[in-house]
Amino acid sequence: MTCDITWVRISGDTHQHCSALQDVIDILKTMGRLLDQEVECWVVVRLDSVEVVKNVFWVGAVDWNVRNFHGFTYSTHRGTTYNAYLIRDKRIALVDSVYAPFSEEMVQRIREIVDPSKIEYVVANHVETDHSGAISRILELAPNAKVVGTARCKEGLQKHYFGDWDFQVVKTGDEINLGEKSLRFLEAPMLHWPDSMFTYIEKDALLLPNDAFGQHLATSKRFDDEVDERILMEEAAKYYANILWPFSQLITRKIEEVQRMGLKINTIAPSHGIIWRSNPTRIVEAYLKWAAGEARKRTLIVYDTMWESTEKMARAILEGVRSLGVEAMLVRLPLSDRGDIIKELLDAKGLLIGSSTINNGPLPTLAPFLEELRGLKPSNKIAATFGSYGWGGGAVKAVEDALGRAGIQVVSPSLTVKWVPDVDELRRCFEFGKEFARKVLE
Ligand code: FEO
């Protein structure tokens with residue numbers, strides 16, 4: 001049985017409900033069963049977009065609850081955002097999208113500004129699913145839109161979504177004219193995937209660099225001048241240390257390339273977190289500093305202990321470091337968050353690692369941290385190792401090997417104590433810390 005629908009009222013207590021019902025209405029309209037004037041739509045929760053600059057709108061999503069990213073390699077204590085940007089011009093473009101579970105939230109925000117079917121370009125600055133997850137949904141709504149990205153992006157998206165999409169490959173210097181505004185593209189390979197690129201809008205001096213300059217920070221605010229600066233920089237540092245650190249040389253070169261191109265940049269709108277509008281130079285300078293390996297003369301002591309002997313050593317070493325006025329921080333694995341420790345290391349010249357010996361090696365709890373160091377390859381750090389043992393030993397040697405694989409220079413002979421440290425041995429620990437502090441101060 002079929003019938004003509006003459007009146008529809010939409011209501012719901014969440015935007016997902018409203019968005020889903022809106023889709024039903026769209027289908028009914030397509031079938032000719034419903035006329036526009038017969039629809040009454042009551043949306044309880046309105047999802048506002050935010051105008052970043054004139055006719056460029058943030059239409060992303062805030063993920064308040066995500067606590068782990070990249071498969072539990074990055075703790076996101078403060079959640080994150082997936083930032084997508086809609087450019088309203090003679091031709092409409094969407095730059096990046098959101099993680100797939102937030103597709104309808106993004107669509108809802110777009111609907112507040114334009115009919116999604118009018119989108120002509122979907123720019124994919126990066127393949128990773130937190131930014132490309134909603135492309136399929138957008139292309140359902142805008143089936144004639146072109147997907148724009150690098151050659152590697154095309155390959156990556158195809159291998160993620162298997163879509164038969166109209167794709168326009170772009171490279172550095174290519175432009176797409178939208179009317180009053182133009183999108184200019186700048187490839188940024190390995191920042192932080194091979195496919196990555198930046199999009200630049202000269203008319204607005206606006207850079208959309210995707211992951212670069214981002215932070216995992218969920219907030220109801222969108223701009224740097226609206227949030228606590230200390231928290232913002234802390235999250236920006238954590239993001240750099242955990243994601244971009246291995247690519248530091250490329251970052252320096254990319255920033256220099258942008259400077260050589262003479263691009264004026266008033267606003268940097270990354271695809272995670274806060275938009276830098278009040279002082280974009282701040283984050284660029286921070287990136288140059290982190291990429292150069294500049295850190296404060298402080299020491300991070302990372303350890304784990306079986307029966308507190310290595311812990312006693314760590315505390316005595318800490319006192320030795322402090323005795324020369326060098327700031328020190330004691331961190332026991334695995335009680336502390338690995339992503340936070342990596343962030344602390346970004347701003348510490350010295351790293352001391354301690355472990356009891358078990359089965360001729362370090363405690364297994366150190367393994368994820370040591371593996372993280374191998375991958376991140378922090379530059380300009382100095383290190384030394386310490387730990388207790390019962391008979392054969394072996395922990396400090398294994399940790400030194402791991403430091404070598406991470407490219408971190410070991411500057412002092414390791415310090416070991418058999419069984420429980422006595423007073424003389426604790427004094428040696430103090431001196432060990434003091435000697436290491438001297439090297440930090442050099
Ligand atoms: Fe935020 Fe590389 O994705």
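How many helices and strands does the secondary structure of the protein chain come to?

## Overall make-up

The protein chain comes to 13 helices and 26 strands, where helices (H or I, at least four residues) and strands (E, at least two) are DSSP runs numbered from the N terminus. This is a predicted model, in which local features need pLDDT of at least 70 and side-chain atom pairs count only at pLDDT 80 or more, whereas totals for chains, interfaces and linings use all residues. Residues are numbered from 1 along each chain as its sequence is written, and side-chain values use heavy atoms, with hydrogens and water left out.

Of the 442 residues in the protein chain, 54% are buried; buried means under 20% relative accessible area, exposed means over 50%, and partly exposed lies in between (1.4 Å probe, protein chains only). Among contacts with a separation of 6 or more, 73% are accounted for by residues 24 or more positions apart, a contact being heavy atoms within 4.5 Å.

Seven strands form an open sheet in the order 3-4-9-10-11-12-13, with mixed pairing; two strands pair if DSSP finds at least two bridges between them. Its edges are strand 3 (50-53) and strand 13 (167-169), each of which pairs on one side only, and the twist from one strand to the next averages 25°. Within this sheet, strand 9 (residues 85-87) pairs with strand 10 in the antiparallel sense over three bridges, and L86 has L94 of strand 10 as its bridge partner.

Helix 5 (residues 151-161) lies across strand 12 (146-149) and strand 13, and runs at about 150° to strand 13. Such angles run from 0 to 180 degrees between N-to-C directions, with axes taken as lines fitted to C-alpha atoms, for helices over the stretch in contact.

## Aromatic pairs

Rings of Phe, Tyr and Trp (its six-membered ring) pair if their centres lie within 6.5 Å, and planes under 30 degrees apart count as stacked, over 60 as edge-to-face and the rest as tilted. By this rule the count comes to nine aromatic pairs. One of them is the tilted pair of Y82 and Y99, at 5.8 Å centre to centre with 55° between the planes. Because Y82 lies in strand 8 (residues 80-82) and Y99 in the loop between strand 10 (92-95) and helix 2 (103-111), this pair ties together parts that are 17 residues apart in sequence. Y82 is buried at a relative accessible area of 1%, whereas Y99 is partly exposed at 37%.

The rings of F213 and Y287 also form a tilted pair, with centres 4.6 Å apart and planes at 40°. Since F213 lies in the loop between strand 17 (206-208) and helix 6 (229-244), and Y287 in helix 8 (residues 280-291), the pair ties together parts that are 74 residues apart in sequence. F213 counts as buried at 5% relative accessibility, and Y287 is buried with a relative accessible area of 2%. Ring pairs link F213, Y240, Y287 and W290 into a cluster.

## Charges over rings

The charged end of R222 sits over the ring of W58, 4.4 Å from its centre, and that of R277 sits over the ring of F223, 3.8 Å from its centre. A charge sits over a ring if NZ of Lys or CZ of Arg is within 6 Å of the ring centre and within 35 degrees of the ring normal.

## Helix 10

Helix 10 (residues 338-346) is largely enclosed by the rest of the structure, because seven of its nine residues are buried. These buried residues are G339, I341, I342, K343, E344, L345 and L346. At the start of helix 10, a side-chain oxygen of D337 reaches to within 2.9 Å of the backbone nitrogen of G339.

Methods:
A polar contact is a pair of N or O atoms within 3.5 Å; within protein, one must be able to donate a hydrogen and the other to accept it, and residues adjacent in sequence count only if both atoms are side-chain atoms.
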